[in-house]
Amino acid sequence: MDFSSQQPIGVGLRSPHIAEIITSQPPIGWLEIHSENYFNPHSLARQQLRQLQSHYPISCHGIGLSLGSTDPLNLEHLQQLKQLITEAKPFLISDHLSWSSVDGQFFNDLLPLPYTEEALDNFCDKVDQVQHALNRQMLIENPSSYLQFQHSTIPEWEFLMAVQRRTGCGLLLDLNNIYVSSFNHHFDCQTYLAAIDPTVVQEIHLAGFIRKQLPQGEVWIDTHSQPVSAAVWQLYQQWIRCHGSHTPTLIEWDAEIPSLATLLAEANKAQAIIDKEFANDIIINSA
């Protein structure tokens, strides 16, 4: 499947929508899967993926490599990922700037790193190992987080760019994660975005979040259970205006999953922003 002939807006493939997408084949630019859900080559999910990959470009988005852990890489996990990639032929492969395991025990979350030189060395080493094993470049996604380590010495945006420079990985820029974390940790989204080299951003994520009141105060949580917020749409419009519309964009919706029609309507909003900015460029260039 030639991605270049497709629209740049994709959606996360979730189980409630799979049968409908197979049957109706709606006009979706591409589909992103959570890699670990498709590791079993004999599962129904893998059979459905085989049907879909003949109609849509596929991206593999991992949540289980635990790249920031001091544990060794799980070689069985890595081999299963490699087998999936060999068959699904994804145009992008990604995972997170996070960790989720200690001494082989996994947590059901993507946990934040201490942003230190030691953590940077460890994370880069893991990325290098994965890219070498897969013989493919991978993308690293910026996280959303709800706490920070007091001994962190490097701003997250500088840490992320250092990983990119040292490993040659690409970046998956999640604008919702930046917005959520900017509130939780009191930084300016524009400071973060200004530090990111747009030439290494190969995918953008958009999603929704919730606000929760705790005794200590308000916290924003990246639940992927709501439409994209107006503020995140504004960040996306800014990115498109400054850097163009060539970067594949994904709508994520992982909890309280709506109808496929509602999900595709969110994708159409992203496309409308691209169309509007493209039209403005034509007007400016022809003036």
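**Notebook: helix packing and the nonpolar core**

I first looked up how H6 passes H8 and found a right-handed crossing, the near helix being turned clockwise from the far one by less than a right angle. I worked on a predicted model, where local features need pLDDT of at least 70, side-chain atom pairs count only at pLDDT 80 or more, and totals for chains, interfaces and linings use all residues. Residues are numbered from 1 along each chain as its sequence is written, and side-chain values use heavy atoms, without hydrogens and water.

I noted that helix H6 (residues 175–185) and helix H8 (residues 230–243) pack at an angle of about 125 degrees, with their axes 9 Å apart. Helices here are DSSP runs of H or I with at least four residues; axes are lines fitted to C-alpha atoms over the stretch in contact, and angles run from 0 to 180 degrees between N-to-C directions.

I listed the contact (heavy atoms within 4.5 Å): Leu175, Asn176 and Tyr179 of H6 with Ala231, Val232, Leu235 and Tyr236 of H8.

Of its 80 residues, Leu175, Leu206 and Tyr236 touch the most other members. Leu175 touches residues including Leu193, Ile204 and Leu206, not counting those up to four places away in sequence.

Lastly, I recorded that the crossing of H1 and H2 is left-handed.

Conventions: Helix = DSSP H or I, 4+ residues; strand = E, 2+ residues; numbered from the N terminus. Core = buried A, V, L, I, M, F, W, Y, C linked by side-chain atoms within 4.5 Å. Buried < 20%, exposed > 50% of the residue type's maximum accessible area, 1.4 Å probe, protein only.
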